[in-house]
Amino acid sequence: MAIIVIAEDEFLLADLLASFLEDEGHEVRSAPHGVAALKLVRAHKPDLVITDFMMPLMTGLELAQEIRADLTLANIPILLVSGAQGDIGRDHPQMFNAVLDKPYDQTALLIAVGRLLSS
Amino acid sequence: MDSGVPGLNEVLGGGFVEGASYIVQGHPGAGKTILANQIAFAGAAAGRKVLYVTLLAETHTRLFQSLGTLDFFDQSRLGAGIAYVSVFQTLRDEGLSAVVSLLRHETKRQGATLLVFDGLLNARDRAETDIDVKTFVAEVQSQAAFVGCTVLFLTSTRLADDSPEHTMVDGVIELNDELSGVRSVRRLRVRKSRGSVSLNGFHQFEITQKGVSVYPRLEALLASPSILDRFSSERMPSGVEGWDEILGGGLPQGSVTLVFGPSGSGKTSLGLSFLSAASTSEPGMLFGFYETPERLLAKADALGINLRAAHTAGNVYLAWHPLTENVTDKLAGDLLEKVRQLGVKRLVIDALAGFERASVYKPRLVEFFAALTNELRALGVTTLATWEMQDFAGPSVVAPGPDISSMLDNLVMLRQVEMNSQLKRVVTVLKVRDARYSTQLFELSFGNRGLKIALPLQPVVGATTGIASSPEP
């Protein structure tokens with residue numbers, strides 16, 4: 001079982017993602033924007049962060065930069081899930097360990113999560 | 001602020017007022033989301049920063065998939081020019097005041113000068129009292145106005161004029177999609193507009209591959225012609241041998257002539273002859289609903305009318321608008337745009353009924369034609385329009401109504417008259433405004449070298465009824 005923080009402003013996607021991961025036995029914490037997600041990351045030191053790109057207050061890229069800049073959090077794997085900014089994520093491999101383009105299916109998500117948690 | 005939506009700036013009286021707030025309302029499917037996104041993408045293309053905030057269940061990915069089929073959608077703008085964010089969770093978990101706070105921070109962070117708030121109904125549902133709604137709208141718009149940000153609140157409910165939201169905002173735009181007979185008609189109306197003089201009433205709009213296009217009602221848009229009408233006493237050769245003499249020297253320049261008669265009486269042929277005299281200094285256009293350009297050219301060839309030469313030389317433009325589902329004001333807009341663009345001086349409209357058929361509210365046609373003809377006169381265009389009479393022969397003459405006839409400068413009637421077991425085409429000039437003209441009846445003949453009006457009709461009785469007989473000796 002792993003602790004996973006989700007940063008996603010769209011509640012339907014956030015709820016769906018959380019349900020999938022909880023069904024796999026993971027403990028999930030969700031935040032509707034980057035600022036709230038960063039607080040969760042600092043509080044829970046998760047095994048994985050899954051983040052959207054476009055969000056209020058703090059983008060997924062800014063969230064990743066904050067995490068990488070904090071030595072106590074810098075090694076947490078980050079998965080970017082995005083509909084339009086996937087390429088920005090791929091251009092920043094030092095920030096994102098993997099990128100999943102929206103819309104994605106359950107299998108692709110679980111494979112990506114499994115790989116990042118096992119690495 | 002330029003809306004980026006064809007026709008909408010004119011309806012709004014010059015576009016959106018910078019820093020003002022508007023409600024865009026309409027039932028689901030009315031076109032609000034497409035309209036707002038088109039405005040957002042146009043703004044981003046013009047260098048604006050746009051914040052698009054949703055409170056809806058539809059995911060942004062799904063929204064992008066549906067918008068992706070439209071020409072204005074540009075994926076490269078997502079996150080770079082337009083930021084799409086959802087604040088539903090903030091509303092659900094923390095309430096309206098948290099949303100206001102989040103919007104303030106986000107507007108500042110993005111440097112947004114356009115904020116689209118899609119889902120005002122959800123915010124309304126979260127409010128406990130009307131005061132809460134008022135406070136929410138007031139706070140969002142005042143903090144946006146403070147940084148010069150224009151706000152569009154989208155809502156799928158039809159808010160009453162005295163709703164708290166309406167009383168607070170600067171403008172209200174309503175979108176409708178209703179049935180007119182078997183036809184679906186989209187209409188837009190600006191119900192409120194502070195700081196600009198908008199065009200009143202309904203204006204039809206379409207949603208196509210290009211997005212939304214609004215067609216301002218012509219009589220509202222051109223309540224007065226765009227430029228002053230300069231009266232000219234000059235005459236324009238009609239292109240028909242013998243006709244100029246009857247008209248008193250040709251068609252008065254900058255006038256509107258209605259040629260009416262039954263099918264086959266020679267209306268279109270007369271129009272083609274008029275256009276064959278087009279030149280570089282007097283470009284011509286046929287704005288037609290029935291025959292394709294190629295058929296018109298073939299028809300002119302067959303009648304010996306040298307239209308093809310003027311067409312090949314680029315002096316005549318043939319515009320064909322099939323008589324299918326048209327929008328009256330779109331047709332008029334296309335016509336006037338081409339007239340201005342090409343500098344048209346000789347215009348044939350074949351036939352005025354094409355506008356009538358497209359109209360979903362016929363009582364306005366008198367005002368519509370008044371605006372159209374006034375503008376054509378102001379632009380110095382000499383227009384020949386046709387009107388088809390229902391009966392081929394017989395005493396009844398169903399002419400355009402007096403309201404329409406009186407706004408036309410010249411009236412010419414064509415009839416097919418039975419004489420000595422033969423049908424002859426007879427032309428009668430009923431009116432030439434402010435000029436002398438021949439009131440005699442003349443025969444219109446079709447020869448190998450085009451149309452010709454040679455001799456007055458031999459003395460008969462009852463020619464205008466369609467059945468002539470020899471006069472009593």
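The briefing that follows is grouped by topic and concerns a predicted model.

**Confidence in chain A**
- Chain A has a mean pLDDT of 94, and 100% of its residues reach 70 or more.
- Among the elements of chain A, the highest mean pLDDT, 98, belongs to strand S3 (residues 48-51) of chain A, while the lowest, 90, belongs to helix H4 (residues 86-90) of chain A.

**Contact between the chains**
- Chain A contributes 17 residues to the contact and chain B contributes 21 residues, and on the side of chain A that touches chain B the residues comprise 12 nonpolar, two polar and three charged.

**His60(B)**
- His60(B), which lies in helix H3 (residues 60-67) of chain B, counts as buried because 24 other C-beta atoms are found within 10 Å, where 20 or more are required.
- Once neighbours within four places in sequence are left aside, His60(B) is in contact with Glu10(A) and Gly83(A) from chain A, and with Tyr84(B) from chain B.
- From C-alpha to C-alpha, His60(B) and Glu234(B) are 62 Å apart in space, with a separation of 174 residues in sequence.

- Strand S17 (residues 410-419) of chain B pairs in the antiparallel sense with strand S18 (residues 422-432) of chain B over 10 bridges, and Asn410(B) is placed opposite Val432(B) in S18(B).
- Two residues lie between the strands in the hairpin of S17(B) and S18(B), where Asn420(B) adopts a positive phi near 50°.
- S18(B) also pairs, again in the antiparallel sense, with strand S19 (residues 441-447) of chain B over three bridges, and Val426(B) has Glu443(B) in S19(B) as its bridge partner.

Notes. Residues numbered from 1 in each chain as written. Chains lettered and ligands numbered in written order. Predicted model: local features only at pLDDT ≥ 70, side-chain atom pairs only at ≥ 80, totals over all residues. Pairing = 2+ DSSP bridges. Helix = DSSP H or I, 4+ residues; strand = E, 2+ residues; numbered from the N terminus. Contact = placed C-beta atoms within 7 Å. Nonpolar A, V, L, I, M, F, W, Y, C, P; charged D, E, K, R; others polar. pLDDT = per-residue confidence, 0-100. Buried ≥ 20, exposed ≤ 12 C-beta atoms within 10 Å, placed from the backbone.
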